[in-house]
Amino acid sequence: ATVSVSQPSPANFTPPAADIPAAAEETIWPLGRAVAQIHGVYILAENAQGMVVVDMHAAHERIVYERLKSALTTQDQLPAQPLLVPHTLAATPQEVATAEAERDILMALGLDIAALGPTTLAVRSRPAALPQADLSELSRSVLAELQAVGSSRVVERTRDELLATMACHGAVRANRRLSLGEMDALLRDMEATERADQCNHGRPT
């Protein structure tokens, strides 16, 4: 449960505007219009040149990553969403130690994680940009990366790797059914996102 009464849709999609004439659409919508979802993984779209196939998870992962990076660059801290009821998870002693040692970095990433005991962690806030991410998986992944590098080595490249990990957890998952409006909105977001032709791990979108 969270403080906000209404949450954005899992992929933060907004249906596109009303129909646009075909000539204008070709100019401003290079990826065209969605026509179907294939195997729960791909978006099939059509544009003036033919058909476009998009890996929806890889594409949304890049979009979320660029949004996280932009937010952290402009604000030095990701906006956080406090949880009405803290999320608890079983943790190893190493994870608990890392959460305590790297508290400032975690807070900057929008994660308020504190020890409840030697083998229990409580997550009291999550990054606002990742409303549907699994908090246990997200927390463990970020803690594992911080444990591997240590705070003294969290430089820009490592920070970007942390954001890429978070974006992967926040991206729309395979086999999630999307409406045509949601698929079109994802295509529009791709067109407005830098390096949208590859996900954070180098896979083509």
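Modeller: The chain is a predicted model, and its pLDDT (the predictor's confidence in each residue, from 0 to 100) averages 83, with 82% of the residues scoring at least 70. Residues are numbered from 1 along each chain as its sequence is written. Local features need pLDDT of at least 70, side-chain atom pairs count only at pLDDT 80 or more, totals for chains, interfaces and linings use all residues, and side-chain values use heavy atoms, without hydrogens and water.

Over residues 1-18 pLDDT stays under 50, and the model has 36 contacts (heavy atoms within 4.5 Å) for them beyond four places in sequence. Where pLDDT is low, the predicted coordinates should not be read in detail.

Strand β6 (residues 120-127) runs antiparallel to strand β5 (residues 112-117), joined by five bridges; strands pair if DSSP finds at least two bridges between them. A hairpin through two residues links β5 to β6, and A115 stands opposite L121 in β6.

Strands β2 (residues 42-47) and β3 (residues 50-55) pair in the antiparallel sense over six bridges. Their hairpin also has two residues, and L44 stands opposite V53 in β3.

A disulfide is a pair of cysteine sulfur atoms within 2.5 Å, and the count by this rule is zero. C168 is in none; the nearest cysteine sulfur, that of C199, is 8.0 Å away.

Technical notes
Helices (H or I, at least four residues) and strands (E, at least two) are DSSP runs, numbered from the N terminus.
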